[in-house]
Each structure stands twice: as C-alpha cells, then as structure tokens.
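Hi everyone, thanks for making time for this one. Have a look at it first, and then I'll start talking.

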Amino acid sequence: MKHFKIYIMSLVALLLMSCSDDFLDRQPLDTINTENYPTTAEELVTVVNGAYQPLQWPKLYNLRMWSTDIMAGNSIVGAGGGSDGIETQDMANFVTNTDNAGVLDLWRGPWPGILMSNIVLDAAPQMDIDEDIRKRSMGEAHFLRAHYYFILARFFGDVPLITEPQSSDSDLFPPRDPVAQVYELIISDLNAAAELLPPKSSYGSENKGRVSKGAAYGLLAKVHLTLGNYQEVVQYANEVESLGYALNENYADNFSITNENSVESLFEVQYASNGGYDFWSNENQASWASPFMGPRGANFVAGGYGWNQPTEEFVNAYEEGDERKDATVLYEGGPEFDGKEYESRFSFTGYNTRKFLVPLSQVSAYDNSPMNFPILRFADVLLMKAEALNELGQTELAEDYLNMVRNRAGLDDIENLSQADFRNAVLHERRIELAFEGQRWFDLIRVNDGEYGLNFLRSIGRNNASQKHLLFPIPQIELDRNPNLVQNPGY
C-alpha cells in the first residue's frame, strides 16, 4: 500500500487537548498532528470519536449524500430557484465539470475519517489498556475506514489507498489504486470489524449510536450486493437477522427524533441539539435535513429552505394504499403536518419531502435539529436479501423478504413473479422504501453495469446522462496539486 499525506487538509496542531465520555463531543478534525498519539484508553476513544465526525459534515450526510436522490431523479433541487444549489443542479443535469463544488465535497469529505481510523489502527495494538476498549476501538476504526472508502469507490472508482498514518516523510503525490484493490480493503476491514465489534444490544446509553457487529454485517451485505456477490449477500443478511433486528411497526418511526437508533437501525449518523458551533461549518452538530427540506415560506419547520422537492413522476410511483407516501411526501390534500395543511404552491413541483422534517413545536431554531440520518436499516437488509435470492434463482423464497417490507407499508404480497419481473419489483421497492436516504443513485449505477440507471434517467428526460457520468470527475484542484492523479474518462 502507498503512503499518502492528506494534502487537502491543514494537519498542523494538536488533537488530544481534551477527552470526554460523550460520544458526540467535537474534536478539531482539521488540526491534527499525527505525531501526538493517544497513550490512554480515554485518549484512544477521543480519536475514535473524531473518526465518526466527517459523517456529520455537509460534505457527506448533512447534504451531499442525500442530495444524490436529486441526481437519481426522485426530486429536484427546488430551494430558491435560479442559481441556488447550482452545483447540485449541474450534477442532476449531468453537466458536471471538474470544478463542481459538490464533487469536491464528496472527494474531500472521507479523508479525515480515514486518517483518524488509521491512527487508531496503528496505535491501539501497542497500548496497555482495557482489552474490550481496544477491540471495540479497532472494530470501529475498521468499519469507518471501510465505509469512507466505500463512499469514494462508488463515486470515483480508483482512489489512493492509505492504510497508515502519514508524516512529512510520506509520499505526497500517490497515484490512484485500482478499485478492485479498494474493495479488497473494504471487505477485509469489514470482516475485521465484525469480528471485533460487540452487538448493538451491549451498548449503554452513553455509547448509543456507535457501530456494532450488525452494522458491519449489514455493510458487508451492501458491498457484496454492489459487486454482484449474491451468495455473500445472503450470508451476511442472515447474520444481521440472527442479531435480533426487526422492522418498526410504523414506517414513520424510523424518522422521529423520539425513536432514534431503534430496533430497525443498524447505523445512523448522530446529530444533536444545542451542540454549538457555526451551523454552516463542519463543526456544526445539528442536522441540516429539516431546515433544508422544509417547505419554503410555509412556516412548517425552523428554516424551510425548500430543497429536495419530489417530482410528479416519483410521487406517482407509489401504489394505491402505500402508507409510506404520507410519511415521505408532503402533498396537497394529504395529512396535516403539525396541524398545518400543505399547499402545492409551497414548491416548484407541488411536493416537498416530509420524511426528515422536525416541526416547529419540537424544534424552534433552524440550527438546532437533532434528527439522525439513517445509513443502514433492517428494511434495506431484507430487500438486499430478497434481491440476492432472486439472482440466485430462488425467487419464491425471495418474495417472503420483499413482502415483509411491503406488508409493513400496508401493501399486499407479491407472488409468482418471473425472475426478471421480481428484479424490477425489488428495485422499485428499494426506491420507495429508501427514498431520500441517499441510496437510489447507487442502485441505479450498480445494476447491469449502470445501464439500468441510464435507461431510467433517459425515461424521465435526463438525456444528458451517459456512461461517463456513472463516476464523478476527480476535482481539478486535486489534479493540480498531485500530478500523479489521472482524470476519469470523459472529463
């Protein structure tokens, strides 16, 4: 593996100035001195906590990851119109250039988490600390490094592999490593994480939200689904099932600030109210989802910037009687929101996203939403298993897992489908079940080498979409800084 200094960050000051038992306490991620290693269990946990923090950033799950549903055709930017969110408009219209700010965010977002994970994995084996803390910390670091690389691999393909902490003596200009090698590291890391991590049920309230054995198995299933390794998908989905996860009785309970880290949740990004820091900075600890997605000018939520407006085509994709529609979409004539009626004039499409909204009666300040963001849910695992079983020729058995998700939504069973028809049915179910959770884009580009996604996008008028858009361009600023990076084809 090559050494790689994270040249996009300014890693110059001290990390370990203080420690805390609070899992959500902030650490200065862009002020790291890799020479200043943890020496106690408390310090090690502090570095682990820091490895989680890039997940919370706008570069990842506080904006860019969920806005991929706009690229995937479920929604439009909306917002204030004109050039508001222009970088996302360009991505969704497939006119992305190498100076696109959203692409730069997605390239830069994972690297600090990778660096933190590498510090943990380098330091922990030599530390004289409690063995349970050591194992859990290393398991978390393996999982997080895998997750960050999974993000990079799916967006960019080949990327530099960095598996050790960096110093001034490291190679500052690494080339990209083949994506197949990146996936080898991801799978190896996740297997190590599954071995080291405890089950979710073992965590007390002070550690709620940390990754667990179930999260590692669930992400292994998703990685293997991406690679088309269907037997492995079934294997790891079975491991998740054995750990006692279940569907919430009510679909909407997955998106309630009173039911976070529930029985259905394998892993979610943790947000908190009263976290301090500037709302628009990386240090922000509150969620952007509610203020950004809330209807503009409706006074439904604090903020209400009108982003992520569902399209007519998406709303029409709901089957009659699907209870997920009322939990996911605000539409005229639908259920009231916090005692207020929705009007189609609140958005360009006539619809707004409801799923992540926190009403004013619960949170009155735009910069204070504690709404967590789901990365892995048990419903996702069931649908992955259904898809894999169908691809393995076990369509009748696959129907059972698809129908578990449909029945929770108030829909009848699907029965006696051909393999091809079931494939379309499960992909449709994933679109509806996981809407606006940042999953649809990855489903579009992984099936049939992306042709499934390109055909869908052209069917809804996104005619600019072509094979080159299945990967993002490497940002020009990074190419300028590292002459050994090579651009993706077509850019």
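Before I point at anything, one term: when I say helix, I mean a DSSP run of H or I with at least four residues, numbered from the N terminus. Please also keep in mind that this is a predicted model.

With that in hand, let's begin at S188, which lies in helix 7. Is S188 buried, partly exposed or exposed? Its relative accessibility is 44%, so S188 counts as partly exposed, the class that sits between the 20% and 50% cut-offs. Now look across to A146. Along the sequence, S188 and A146 are 42 residues apart, yet their C-alpha atoms are 8.4 Å from each other in space.

Helix 7 (179–196) brings us to the pockets, as it is one of the elements giving two or more residues to the lining of the largest pocket. The others in that group are helix 6 (131–156), helix 8 (213–227) and helix 16 (440–446). How do we find such spaces at all? Rolling a probe the size of a water molecule over the atoms shows where empty space is left. For the largest pocket, the volume comes out at about 440 Å³. There are 19 residues in its lining, and the closest to the centre are A153, R154, I445, L470 and L471. Sorted by class, the lining has ten nonpolar, five polar and four charged residues.

And which helix gives the most to that lining? The answer is helix 16, with three residues.

D443 has a relative accessibility of 4%, so it counts as buried; the cut-off for that is under 20%. What does D443 touch, if we leave out residues up to four places away in sequence? Those partners are R430 and Y452.

N448 is not a glycine, but it has a positive phi of about 55 degrees. For D449, also a residue other than glycine, phi is positive as well, near 55 degrees. How accessible are they? N448 counts as exposed because its relative accessibility is 55%, and D449 counts as exposed because it reaches 63%. The cut-off for exposed is over 50%.

Back to pockets for a minute. The second largest pocket has a volume of about 260 Å³. It is lined by 15 residues, and nearest its centre lie F255, F337, R354, L357 and P359. Its lining divides into nine nonpolar, two polar and four charged residues.

My last stop is a helix pair. The axes of helix 9 (residues 230–242) and helix 13 (residues 378–391) come within 9 Å and cross at roughly 145 degrees. The crossing of helix 9 past helix 13 is left-handed. From helix 9, the contact uses Y230, V233, V234, A237, N238, V240 and E241. On the side of helix 13, the residues are F378, V381, L382, M384, K385, A388, L389 and E391. By class, that contact has eleven nonpolar, one polar and three charged residues.

That's my tour, and I'm happy to go back to any of these spots with you.

Terms used
Residues numbered from 1 in each chain as written. Predicted model: local features only at pLDDT ≥ 70, side-chain atom pairs only at ≥ 80, totals over all residues. Heavy atoms only, no water. Axes fitted to C-alpha atoms, helices over the stretch in contact; angles between N-to-C directions. Left-handed = near helix turned anticlockwise from the far one by under 90°. Contact = heavy atoms within 4.5 Å. Nonpolar A, V, L, I, M, F, W, Y, C, P; charged D, E, K, R; others polar. 1 Å grid on protein atoms, 1.4 Å probe; cavity = no way out; pocket = protein on both sides within 12 Å on 5 of 7 lines; lining within 4 Å. Points joined across faces, edges and corners; volume = space filled by probe spheres on them. Buried < 20%, exposed > 50% of the residue type's maximum accessible area, 1.4 Å probe, protein only.
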